[in-house]
Amino acid sequence: MTASAWAELLDTFERELLRTPGDGAGTVWNPPAEPLPPELAGRARGILARQRQRIALLQTELETVAGHLDAVRRVPEPVSDAPAYLDVAG
């Protein structure tokens with residue numbers, strides 16, 4: 001993979017970081033046979049750091065949603081023969 005192909009791949013990763021999580025499938029790619037050109041190493045490290053931040057954010061959101069689902073599952077089912085309203089006026 002040439003330096004321009006690496007740059008294009010890094011562009012793709014950066015575009016994906018700008019997308020809203022869950023709005024489509026991510027890029028499927030295979031590691032290139034050639035090593036990353038040294039002039040692109042800093043950019044690649046920056047993208048990796050941002051991807052790790054995104055992963056941490058998604059993990060936190062996943063835990064929050066799991067907690068919400070757990071709370072919803074604990075709500076008891078309504079009893080069908082119980083009155084839905086209480087007549088307090090008499």
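Q: At what angle do H1 and H2 pack, and how far apart are their axes?
A: This is a predicted model, and in it H1 (residues 3-18) packs against H2 (residues 41-74) at about 25 degrees. Their axes lie 10 Å apart.

Q: What does that make H1 relative to H2: roughly parallel or roughly antiparallel?
A: Roughly parallel, because an angle under 35 degrees counts that way.

Q: And is the crossing left-handed or right-handed?
A: The crossing of H1 and H2 is left-handed.

Q: Nice. Which residues make the contact?
A: On H1, the contact uses Ala7, Leu10, Asp11, Phe13, Glu14, Glu16, Leu17 and Leu18. H2 brings Arg43, Ala44, Ile47, Arg50, Gln51 and Arg54.

Q: How many of the contact residues are nonpolar, polar and charged?
A: Seven are nonpolar, one is polar and six are charged in the contact of H1 with H2.

Q: Switching to H2 itself, how many residues does H2 have, and how far does H2 reach?
A: H2 has 34 residues, and from first C-alpha to last it reaches 49 Å. That is close to the 50 Å expected at 1.5 Å a residue.

Q: Which H2 residues are buried?
A: Ala41, Ala44 and Ile47 are buried in H2.

Q: Why would a spacing like that make sense?
A: An α-helix has 3.6 residues a turn, so residues three or four places apart point the same way.

Q: And what covers the buried residues of H2?
A: The cover includes H1.

Q: Zooming out, how many helices and strands are in the protein chain?
A: Two helices and zero strands. Of the 90 residues in the protein chain, 13% are buried.

Notes
Residues are numbered from 1 along each chain as its sequence is written. This is a predicted model: local features need pLDDT of at least 70, side-chain atom pairs count only at pLDDT 80 or more; totals for chains, interfaces and linings use all residues. Side-chain values use heavy atoms; hydrogens and water are left out. Axes are lines fitted to C-alpha atoms, for helices over the stretch in contact, and angles run from 0 to 180 degrees between N-to-C directions. Helices (H or I, at least four residues) and strands (E, at least two) are DSSP runs, numbered from the N terminus. Angles under 35 degrees count as roughly parallel, over 145 as roughly antiparallel, 65 to 115 as roughly perpendicular and the rest as oblique. A crossing is left-handed if the near helix is turned anticlockwise from the far one by less than a right angle, and right-handed if clockwise. Contact means heavy atoms within 4.5 Å. Ala, Val, Leu, Ile, Met, Phe, Trp, Tyr, Cys and Pro count as nonpolar, Asp, Glu, Lys and Arg as charged, and the others, Gly among them, as polar. The expected span of a helix is 1.5 Å times one less than its number of residues. Buried means under 20% relative accessible area, exposed over 50%, partly exposed in between (1.4 Å probe, protein chains only).
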